[in-house]
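This report describes selected features of one protein chain. Please examine the sequence and the structure shown below before reading further.

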Amino acid sequence: MAQKLRDKVCIITGATSGMGKAIAESFNEEGAKLMLSGRNEEKGNALTEKLENAIFMAGDVSDPSYNEKLVNKAIENFGRLDIVSINAGILGLGNVVDLPIAEWQKTLNTNLSSIFYVSKYAIPHLEQAEGATILINASIAAYKSFPNHPAYCASKAASIALMKQMAVEYGPKIRINAICPGPVDTPLLWDSAKAFKNPERAVENAGKATLMKRLGTPQEIAKLALFLVSKDASWITGTAMTIDGGILNV
Ligand SMILES: NC(=O)c1ccc[n+]([C@@H]2O[C@H](COP(=O)([O-])OP(=O)(O)OC[C@H]3O[C@@H](n4cnc5c(N)ncnc54)[C@H](O)[C@@H]3O)[C@@H](O)[C@H]2O)c1
C-alpha cells in the first residue's frame with residue numbers, strides 16, 4: 001500500500017515520550033522525514049536510531065530561539081517543511097493559591113507560547129509546500145476542568161483559540177487543527193495522578209470514567225494524528241477533534 005506521508009518533512013515536538021513518540025513511529029512508517037524535538041538527548045537519540053529518516057535536537061520549546069533553530073535544522077537537513085505536529089506539554093500541578101507563579105508561567109510557555117513560537121518560524125516554510133498542515137495536541141482539559149490543573153486547563157483552552165485564529169489567517173494554504181485526547185496511558189497521565197492519594201487507583205478510575213471503560217493508547221491517538229495530517233483530511237481545518245473514549249459525554 002502507498003505510504004501516506006511519503007517524503008513529507010515533518011517537525012514533531014514532544015517526540016521522546018507518550019503520544020509524540022507514537023506519532024513519530026507512525027509517521028516514520030508512512031514514509032515521512034522527521035525532525036524530532038524533546039528534552040532528553042538520550043531518549044531522542046535512541047528513537048532516531050530505530051527510525052528510517054529522522055534527526056533529533058534536544059531543547060526547551062518554551063525558548064523562542066530553540067524553536068527557530070529547530071525549524072532551521074529541518075530546512076537545512078531536508079530542504080522543505082510540510083507538517084508540524086506539536087505535542088510538548090507539562091502539567092503545572094497545584095491549585096491557584098498554591099501554584100508558584102514561576103510554575104504557572106512555565107506551563108503557559110511550554111503548552112501555549114511554544115505553539116506560537118514554532119508556528120512563527122515554520123509558517124513561512126509551510127506556505128511554500130503543497131498540502132501543508134499544523135496539528136496541535138490540546139486536551140479535553142480545554143473543555144472539562146480538573147482540580148489542581150489551572151495552568152494546564154487555561155493553556156489547553158487557549159491553544160484551541162490560537163489554532164482557530166491561525167487556521168483563519170493561513171487558510172487555504174495551511175490546514176491547522178487540534179486533537180483533544182482524554183486520558184491516555186503515558187508518563188504525563190501518571191504524573192497527573194500524583195495529585196491523588198492513590199495514584200494507581202486514580203489512573204484506573206480515569207480509564208473507567210470513559211464510555212469505553214479504559215485508557216486510550218498513544219497508538220490510537222497517532223492514528224487520528226496521521227489522518228488529520230494526511231491528504232485524507234484535505235477539507236478539515238480550524239477544528240479541535242476529541243478522542244477521549246467518550247468521557248466528555250459522561
Ligand atoms: N496523557 C494524557 O492523558 C493526555 C491527555 C490529553 C492531552 N495530552 C497532551 O498530549 C501531549 C503529549 O503528552 P503525553 O501524555 O504524551 O506526555 P509525555 O510526558 O509522555 O510526553 C511529553 C513530551 O513533551 C516534551 N516536553 C515537555 N516539556 C518540554 C519542553 N519545555 N521543551 C521540550 N519538550 C518538552 C517531553 O520531552 C516529552 O517528549 C501534551 O501536550 C499533553 O498535554 C495528554
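## A proline in a loop

P172 lies in the loop between helix 5 (150-170) and strand 6 (174-181). The peptide bond that leads from G171 to P172 is cis, and its omega angle is near 0 degrees. The model discussed here is a predicted one, and the values given below are computed from it.

## Positive phi angles

D7 has a phi near 65 degrees, a positive value in a residue other than glycine. D7 is found in the segment before strand 1. D7 is classed as partly exposed because its relative accessible area is 39%, a value between the limits of 20% and 50%.

N148 is also not a glycine, and its phi is positive, at about 70 degrees. N148 is placed in the loop between strand 5 (132-137) and helix 5. With a relative accessibility of 29%, N148 therefore counts as partly exposed.

## Salt bridges

How many salt bridges does the count come to? The count comes to 6 salt bridges, and three of these pairs are described here, beginning with the pair of D232 and K4. Side chains of opposite charge can pair when their charged atoms come close.

The side chains of D232 and K4 form a salt bridge with an N to O distance of 2.8 Å. This pair links distant parts of the chain, its two residues being 228 residues apart. D232 is in the loop between helix 8 (218-229) and strand 7 (240-243), while K4 is in the segment before strand 1 (9-12). D232 counts as partly exposed because its relative accessibility is 48%. K4 is likewise partly exposed, with a relative accessible area of 44%.

## Two further pairs

In the salt bridge between D82 and R80, the closest N and O atoms are 2.4 Å apart. Is D82 buried or exposed? D82 is buried, because its relative accessible area is 0%, and buried means under 20%. R80 has a relative accessible area of 38%, so R80 is partly exposed.

E204 forms a salt bridge with K208, and the closest N and O atoms of this pair are 3.0 Å apart. Both residues belong to helix 7 (residues 199-208); because E204 and K208 are 4 residues apart in this helix, they are separated by about one helical turn. E204 counts as partly exposed at 42% relative accessibility. K208 counts as partly exposed at 46% relative accessibility.

Which residues form a positive surface patch? The patch is formed by K21, R39, K43 and K106. One of these residues, K21, is found in helix 1 (residues 18-29). K21 has a relative accessibility of 30%, so K21 counts as partly exposed.

## Buried residues in strands

S85 has its place in strand 4 (residues 83-86). S85 counts as buried because its relative accessibility is 1%, and the limit for a buried residue is under 20%. The side chain of S85 is joined to the side chain of N87 by a polar contact of 3.0 Å.

A54 is found in strand 3 (residues 54-58). Its relative accessible area is 17%, and A54 is therefore buried. Along the sequence, A54 and G44 are 10 residues apart; in space, their C-alpha atoms are 10.0 Å apart.

Where does N249 lie? N249 lies in the segment after strand 7. N249 has a relative accessible area of 67% and is therefore exposed, since exposed means over 50%. The C-alpha atom of N249 is separated by 8.5 Å from that of T210, although the two residues are 39 residues apart along the chain.

## Summary

In this predicted model, the bond from G171 to P172 is cis, and both D7 and N148 have a positive phi.

Conventions
Residues are numbered from 1 along each chain as its sequence is written. This is a predicted model: local features need pLDDT of at least 70, side-chain atom pairs count only at pLDDT 80 or more; totals for chains, interfaces and linings use all residues. Side-chain values use heavy atoms; hydrogens and water are left out. Patches are made of residues with over 30% relative accessible area and no salt bridge: like charges are joined within 9 Å, nonpolar side chains (Val, Leu, Ile, Met, Phe, Trp, Tyr) within 5 Å. Accessible areas come from the Shrake-Rupley method with a 1.4 Å probe; for residues, only the protein chains shown count as cover. A salt bridge is a side-chain nitrogen of Lys or Arg within 4 Å of a carboxyl oxygen of Asp or Glu. Lys and Arg count as positive and Asp and Glu as negative; His and the chain ends are not counted. The place of a charge is taken as NZ of Lys, CZ of Arg, CG of Asp or CD of Glu. Buried means under 20% relative accessible area, exposed over 50%, partly exposed in between (1.4 Å probe, protein chains only). A polar contact is a pair of N or O atoms within 3.5 Å; within protein, one must be able to donate a hydrogen and the other to accept it, and residues adjacent in sequence count only if both atoms are side-chain atoms.
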